[in-house]
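Please read the following note with the sequence and the structure open. Each numbered point takes up one part of the chain.

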Amino acid sequence: MSAVILPKSGQRGLYRALVLRKQVLLAVLVILLLVSLLLDLTLGPASYRFDEVVRALVSPDSAPLQVKVVMWEIRLPVALMAVAVGAALSVAGAQMQTILNNPLASPFTLGISAAASFGASLGLAFGVKFVPVAAEYLIPINAFAMAMLSAMLIHLLSMRRGVTAETIVLLGIALVFTFNALLALVQYFASEQAVAAVVFWTMGSLTKATWPKLGLTCLVIAITLPVFARRVWALTALRLGDDKAASFGVDVPRLRFQTLVLVSLLAAIPVAFVGTIGFVGIVGPHIARMLIGEDQRFFLPASLLTGALVLSLSSVVSKTLIPGAIFPIGVVTSLIGIPFFISLILGSRRNAW
């Protein structure tokens, strides 16, 4: 049966309808994220109604003092940190999957998060400085340095002839075990106080989020997103294969290197502040890909929104599992992500790559 070729006017109409559908989906994700954010703010040891939360946010002076303090000093930084960290990890996972052409790639599965946690633990337990910086920047810099080292190792090995996507995943698993073993050594030799702090990284928690930490995380996102936005066409072309992208004028090695640097930054800063949070970098991009497709003009913001939504909903779940207590969010995301991860390995979706 011969294919039906639409006239140009029909093709333009079909394209506009497709773009409109993607824009509507992005708008729906924004609305869902706002609802989840408000729901997150209502939950806690003391529950508040939606109207009380909105009043405290929109008009703090007219809200009761207790609600105002709880919202602005305690819950809002934590809820917004969940959104920012989810967005950062999801975008990092999306771009790592793009440049490695691997559906299982993410900062968590390829060892970047584990490396960042190890770097942060060295500074936390022993005061090790990879770069001579002020004490308040010690942990993020250490985390970024180790994440960068892990990412560069992955990049160098991915350039070798005969290395497949499966090989990169196996290398990432090896890095995860390696840095987890090194992290265990740090805990063995560290003091009890340092061990308690290191355990915080391994479990992942948003409870220590503050406005300065949130500001730095948002700054990293604000720096990296425009860079990715300027390269949407090159990143989309890369999904067609290295040779095809090179024929379009894309400098593939340079694009891959620059993207890995930015991915390391996006993964390291959240890990430095909230600990290891796994599988958001896999779940967010794949949900976005199923909804939007591979066009980076829409896939990039969709990955950001889905990752933020997943972690925001995980924050909600962490407050409802045990009444009166906040469950470690890293454990929640793992419980959500592991079945999804297994389905990616065993399901037919992998064959579409």
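The points below begin with the basis of the model and then go through helices, single residues and aromatic rings.

1. Basis of the model. This is a predicted model, in which local features need pLDDT of at least 70, side-chain atom pairs count only at pLDDT 80 or more, and totals for chains, interfaces and linings use all residues. Residues are numbered from 1 along each chain as its sequence is written, and side-chain values use heavy atoms, with hydrogens and water left out.

2. Helix α3. Helices here are DSSP runs (H or I, at least four residues), numbered from the N terminus. Helix α3 covers residues 65-100, which is 36 residues. From its first C-alpha to its last, α3 reaches 51 Å, close to the 52 Å expected at 1.5 Å a residue; the expected span is 1.5 Å times one less than the number of residues. Of the 36 residues of α3, 28 are buried, so the helix is largely enclosed by the rest of the structure. Buried means under 20% relative accessible area, exposed means over 50%, and partly exposed lies in between (1.4 Å probe, protein chains only).

3. The bend in α3. Where does α3 bend? The helix bends by about 50° at R75, and a proline, P77, follows within four residues. The bend is the angle between axes fitted to the seven residues ending at a residue and the seven starting there. R75 counts as buried, at 6% relative accessibility. Leaving aside residues up to four places away in sequence, R75 touches L41, T42, L43, G44, P45, A46, S47, Y48 and V70; contact means heavy atoms within 4.5 Å. R75 and A105 are 30 residues apart along the chain, and their C-alpha atoms are separated by 32 Å.

4. α3 against α2. The axes of helix α2 (residues 50-58) and α3 come within 9 Å and cross at roughly 80°. Axes are lines fitted to C-alpha atoms, for helices over the stretch in contact, and angles run from 0 to 180 degrees between N-to-C directions. The two helices, α2 and α3, are therefore roughly perpendicular to each other, a term for angles of 65 to 115 degrees. E52, V53, A56 and L57 of α2 make the contact with V67, M71, W72 and L76 of α3. M71 touches L41, Y48, V53, A56, L76 and P77, not counting residues up to four places away in sequence. The C-alpha atoms of M71 and E52 are separated by 9.9 Å, although the two residues are 19 apart along the chain.

5. α3 against α12. The axes of α3 and helix α12 (residues 280-292) come within 7 Å and cross at roughly 70°. That makes α3 roughly perpendicular to α12. On the α3 side, G86, L89, S90, G93, A94 and Q97 take part, and they meet V280, G281, I282, G284, P285, H286 and R289 in α12.

6. Two positive phi angles. Most residues other than glycine have a negative phi. Just after α3, N101 takes a positive phi of about 55°. F279 has a positive phi of about 75° although it is not a glycine. F279 is placed in the loop between α11 (252-274) and α12. Is F279 buried or exposed? F279 is buried, with a relative accessible area of 9%.

7. Helix α13. The 25 residues of helix α13 (residues 296-320) should span 36 Å at 1.5 Å a residue, and the end C-alpha atoms are 35 Å apart, which agrees. Helix α13 is mostly covered, with 20 of its 25 residues buried. S318 touches A325, I326, F327 and V332, not counting residues up to four places away in sequence.

8. Aromatic pairs. Rings of Phe, Tyr and Trp (its six-membered ring) pair if their centres lie within 6.5 Å; planes under 30 degrees apart count as stacked, over 60 as edge-to-face and the rest as tilted. By this rule the count comes to four aromatic pairs. One of them joins Y188 and F189, which are edge-to-face, with 5.0 Å centre to centre and 90° between the planes. Y188 and F189 are both exposed.

Notes: Angles under 35 degrees count as roughly parallel, over 145 as roughly antiparallel, 65 to 115 as roughly perpendicular and the rest as oblique.
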